[in-house]
Amino acid sequence: MSKSSGNGTYQPLSSVWEGSDAELLELMLGFYPAIKPAPILDATYNTGRFWKGSKRRVVSMDIDPQYEPMIVADNREMKDVRANRFGVVVYDPPHVGPQGRDKSIKRFDVDFGATVECGKEHGWSLSYLYPPFLEQAKRVLKPEGLLLAKITDMVNSHRSQWAHCDFMRMADEAGFTVCDMIVKTRNGPMMSNKWKQAHHARKRHCFWIICRNGSSCERANRNGRAMSWASAGIAAPTG
């Protein structure tokens with residue numbers, strides 16, 4: 001349902017998304033920015049699948065040089081990246097770690113590329129990766145810039161590990177304003193042919209969490225008051 005507002009019409013962005021990450025990113029980049037969303041830093045670039053066919057100005061960062069990123073760096077350090085450079089930072093961290101004591105049998109790391117440790121010393125979670133990254137993301141973002149993070153919960157050590165809750169809390173502690181969250185679904189849940197018995201529902205969703213490097217979720221007009229997206233001249237997103 002569209003809603004008339006001021007001198008234009010805006011269409012809402014649904015909190016549940018069933019399309020691709022690339023399509024959703026494009027909609028979010030038209031819906032949320034308070035400043036020009038450029039340049040964009042993809043801090044976990046890998047093969048760059050988010051940007052296939054995109055005309056956006058994207059600076060690629062990855063710790064693995066095999067992907068030939070523009071910046072070879074650990075996103076928890078971002079060495080030699082100057083402050084206040086980017087309008088948007090995109091983050092898609094590891095979602096699972098090596099699981100099960102006998103890797104030769106379960107081969108979970110091979111099945112899902114799960115190579116980042118999340119054992120007892122890490123609280124059976126990957127959330128320890130977030131605080132140093134968030135500190136760097138805040139440093140390299142322009143004031144009012146956006147952080148768009150794709151986060152997935154997991155089961156480890158026989159318990160659900162609520163990564164999206166950790167990320168939102170840690171982002172707030174890092175000085176971001178956590179503005180919104182979109183649930184993205186996929187066709188089927190993550191599965192391994194080594195699993196014999198299930199104790200938890202298999203997850204077929206993840207979360208895109210939208211954070212602003214500022215104190216408010218809403219845009220401001222010249223008088224400092226919140227204003228509608230339509231009156232701000234933002235193209236109405238669809239989908």
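1. Basis. This is a predicted model, in which local features need pLDDT of at least 70 and side-chain atom pairs count only at pLDDT 80 or more, while totals for chains, interfaces and linings use all residues. Residues are numbered from 1 along each chain as its sequence is written, and side-chain values use heavy atoms, with hydrogens and water left out.

2. Strand β8. Helices (H or I, at least four residues) and strands (E, at least two) are DSSP runs, numbered from the N terminus. β8 spans residues 141-151, and eight of its 11 residues are buried (under 20% relative accessible area, 1.4 Å probe, protein chains only; exposed is over 50%, partly exposed in between). β7 and β8 run parallel and are joined by five bridges. With β12 (residues 205-212), β8 pairs in the antiparallel sense over six bridges; two strands pair if DSSP finds at least two bridges between them. A149 stands opposite I209 in β12.

3. Nonpolar core. A nonpolar core is a set of buried Ala, Val, Leu, Ile, Met, Phe, Trp, Tyr and Cys residues joined through side-chain atoms within 4.5 Å. The largest has 31 residues, and V89, Y130, F133, L134, L147 and F167 have the most contacts inside it. Elements that each supply at least two residues of this core are β5 (58-62), β7, α4 (130-140), β8, α5 (163-173) and β12. The most comes from α4, with five residues.

4. D74. This residue is found in the loop between β6 (71-72) and β7 (86-91). D74 is buried, at a relative accessible area of 18%. A polar atom of the D74 side chain lies 2.8 Å from the backbone nitrogen of R76, a polar contact being a pair of N or O atoms within 3.5 Å; within protein, one must be able to donate a hydrogen and the other to accept it, and residues adjacent in sequence count only if both atoms are side-chain atoms.

5. Backbone geometry. Most residues other than glycine have a negative phi, and most peptide bonds are trans. A38 and P39 are joined by a cis peptide bond, with omega about -15°; P39 is found in the loop between α1 (21-31) and β4 (40-42). Phi of N46 is positive, near 55°. N46 is in the loop between β4 and β5 and counts as partly exposed, at 32% relative accessibility. N84 also has a positive phi, of about 55°. N84 lies in the loop between β6 and β7 and counts as partly exposed at 45%.
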